[in-house]
Amino acid sequence: MSKISPCLWFDGEAEQAARFYVSLLPDSRIKHIQKNPIDGPSGKAGTVLVVQFTLAGQDYMALNGGTRFEYTHAISFKIDCADQAEVDHLWEALSSNGGSVERCGWLKDRYGISWQIVPSVLPELLGGPDRAGAERAMAAMMQMVKLDIAGLQKAYEGKSAA
């Protein structure tokens with residue numbers, strides 16, 4: 001178990017969000033749900049206060065803290081994806097039902113949390129030995145919303161994307 005784990009702040013949606021997140025990735029589960037012992041800023045006695053969960057092996061805590069605060073890109077979660085099918089699946093799931101998409105593989109989910117959906121091959125393409133290829137892959141990535149592995153690979157190799 002890691003000594004440090006992220007705490008995500010919600011306004012009554014902690015359990016719903018945690019259950020959504022653990023449904024997306026292997027090695028994920030709800031570990032514990034703690035209820036409010038008394039009425040307070042985070043809700044009435046008996047409502048969910050804290051959800052402890054594991055997401056892809058990493059521990060998290062979701063807190064119903066009361067008043068909603070907006071998340072920013074200053075903190076985001078990056079998911080390394082083995083292939084395009086995983087990119088597509090996570091992109092669709094996280095951006096649906098009120099989420100929003102942005103350039104370069106970034107999105108905000110329905111709760112306002114920023115995610116980077118990144119193919120595992122991307123560091124190889126951007127940091128590969130062919131510097132001109134890396135520049136082409138970076139230029140291609142900057143034009144993409146959801147990252148496309150085949151398009152990035154073609155750009156790195158200097159092939160037309162058509």
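Residues are numbered from 1 along each chain as its sequence is written. Because the model is predicted, local features need pLDDT of at least 70 and side-chain atom pairs count only at pLDDT 80 or more, while totals for chains, interfaces and linings use all residues; side-chain values use heavy atoms, with hydrogens and water left out. Helices (H or I, at least four residues) and strands (E, at least two) are DSSP runs, numbered from the N terminus.

**Stop 1: helix α4**

Select residues 131-143, which form helix α4. From first C-alpha to last, its 13 residues reach 19 Å, close to the 18 Å expected at 1.5 Å a residue; the expected span is 1.5 Å times one less than the number of residues.

Next, colour G133, A134, A137, A140 and M141, the buried residues of α4. Buried means under 20% relative accessible area, exposed over 50%, and partly exposed in between (1.4 Å probe, protein chains only).

Then display α3 (122-126) and α5 (149-157), which are included in what covers the buried residues of α4. Finally, select D130, which caps the N-terminal end of α4. One of its side-chain oxygens lies 3.1 Å from the backbone nitrogen of A132.

**Stop 2: an open sheet**

Show the four strands of an open sheet in the order β5-β8-β7-β6, where the pairing is mixed. Two strands pair if DSSP finds at least two bridges between them. At the edges are β5 (76-81) and β6 (100-101), each of which pairs on one side only.

Now select β7 (residues 106-108) and β8 (residues 114-119), an antiparallel pair with three bridges. K108 stands opposite S114 in β8.

**Stop 3: aromatic rings**

Rings of Phe, Tyr and Trp (its six-membered ring) pair if their centres lie within 6.5 Å; planes under 30 degrees apart count as stacked, over 60 as edge-to-face and the rest as tilted. By this rule there are nine aromatic pairs.

Select F10 and Y111: this pair is edge-to-face, 5.7 Å centre to centre, with 90 degrees between the planes. F10 lies in strand β1 and Y111 in the loop between β7 and β8, 101 residues apart. F10 counts as buried because its relative accessibility is 1%.

Definitions and conventions. Contact means heavy atoms within 4.5 Å. A polar contact is a pair of N or O atoms within 3.5 Å; within protein, one must be able to donate a hydrogen and the other to accept it, and residues adjacent in sequence count only if both atoms are side-chain atoms.
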